[in-house]
Amino acid sequence: VSLISKEKETHLGQSVLNSDESLMVARRESVDWILRVIAHYGFTVLTTVLAVNYFDRFISSLSFQREKPWMSQLVAVACLSLAAKVEETQVPLLLDFQVEESKFVFEAKTIQRMELLVLSTLQWKMNPVTPLSFVDHIVRRFGFKTNLHLEFLWRC
Amino acid sequence: MEKLLNWQYKLGKVIGIGAYGIVHRGLNLETNQIVAIKRFYTFDCKNGVPYTTIREISMLIEMYHINIVKLLDVISNTKNEWYIIFEYLDLDLEKYMYIMHQILSGVMYCHKHRIMHQDLTPDNLLIDLNASVVKIADFGMARAFDFPLRAYSPEVVTIWYKAPEILLGSPVYSTAIDVWSVGCIFAKMLMRQNLFAGASKNEHLRKIFSIMGTPNERTWPGVTSLPYYPAGLPEYYPEVISIIFASIFFYFASQEMLCMNPARRISARRALGHAYFKKKKRKEKKEKKMTILDPIEKKKKKMMMMMILDSVSFTFVVVVVMLTDY
């Protein structure tokens, strides 16, 4: 029950994003790019979920200036690096995130400033309840003796 | 007090220097509350905001428990320097002997909120001397455990409080590592020295084995196939820990909290339910019942209970002092 109530705090209804056509196009592009970079570095599925969660929460906030075409790319880089730092053990440098045909390339300083903007906009809540939290919770209830389920999760 | 910070806080003298920042004493000018202010070192541009900062703040911002250090604010000034404001606490652990319950409650709270601290050491436990409350701090190494971690980063947890499964290179680890650290801290509190203190990883492991006995397939299935399981170790038998600890409580601590096999190690929740703590709880429950039945007697009974609890902890401290002096 606490998982469900906690999920609501950081979960967005689809309607907020769907209502704006141009925003949806920008989002699709950025998410595609995020997925490519994650495949490139072999990050876990949770990193993916986190990065997209941060991205969605940020673009639906007031801090997001949609007029600038490079904005969504910068936000995507910042969200991805934040997610990697929260979840991964090996994190590339800021500049090295900009692979896989990144449309714009930003200086590390710029990305860092965006990281801070994202962090304060999301009120530093970087551990949202994700669908994976529920999977983990339910699997624990089965009480497997071996680590089979862990191996399964790693391959997700 | 010299520097003014963001109109709201005054920056005072330095009270601690960590690997990731400097901690100042400070004053909230609006509420006159004394606070601790952690200043980040200037960020290294190549990496952006350090992951320890992100983890520490994001963990603490969602935790509210009496035994966890409270994060009051995150602020930046015009020069884009960032500060975290904490409640101010006195930093001393060794004087207090009956704080295990509080430490365990804090750890259990973290685990319940799917957070592993991963770096529990005496330095990271703060005490409010006035209220005798212990708080867990420094969540720079903490992580949420929705997902099992594959690769293990060996810097996690100061080596003396590291659980054997980490030292042996187990690919999976869990909240049990925090319980091991708590067990080591309890032992240190009693003995005024570290129970296991090896200079290197291997020496440390040998020390653990020489006291707790060398683990084998029977006591810990799968242990011999862990990557760093040292070959050709002498077969140590567990020492009679009760002689070292000579106290029922610490016997329990060593047997269950310092159990080598993480799967058999007691959880923070179960440790709290242990007989030692149950006595305390029963008293509290009794007290509650009484207050419901007899609200007028409430204060009297409460005072009596406090006296009993005090005398219990007093005798405990006496035993401890006697032990450490012989």
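**Close-up 1. A charge sits over a ring at B:Tyr88 in this predicted model.** The charge belongs to B:Arg25. Its charged end lies 4.9 Å from the centre of the B:Tyr88 ring.

**Close-up 2. B:Lys201 places its charged end over the ring of B:Tyr228.** Here 3.8 Å separates that charged end from the ring centre.

**Close-up 3. A:Tyr41 and A:Phe43 form a stacked aromatic pair.** Over all chains, the model holds 5 aromatic pairs, counting rings whose centres lie within 6.5 Å. A:Tyr41 is partly exposed, because its relative accessibility is 29%. A:Phe43 has 10% relative accessibility, so A:Phe43 counts as buried.

**Close-up 4. B:Trp180 stacks with B:Phe196.** Their ring centres lie 5.7 Å apart. The planes are at 15°, so this pair counts as stacked. The cut-off for stacking is under 30 degrees between planes. The two residues come from distant parts of chain B, 16 residues apart. B:Trp180 belongs to helix α4 (residues 176-191). B:Phe196 lies in the loop between α4 and α5 (201-212). Both B:Trp180 and B:Phe196 are buried.

**Close-up 5. A:Tyr41, A:Phe43 and A:Phe97 make up an aromatic cluster.** Ring pairs link these residues of chain A.

Note on methods
Residues numbered from 1 in each chain as written. Chains lettered and ligands numbered in written order. Predicted model: local features only at pLDDT ≥ 70, side-chain atom pairs only at ≥ 80, totals over all residues. Heavy atoms only, no water. Phe/Tyr/Trp six-rings, centres within 6.5 Å; stacked < 30°, edge-to-face > 60°. Buried < 20%, exposed > 50% of the residue type's maximum accessible area, 1.4 Å probe, protein only. Helix = DSSP H or I, 4+ residues; strand = E, 2+ residues; numbered from the N terminus. Lys NZ or Arg CZ within 6 Å of the ring centre and 35° of its normal.
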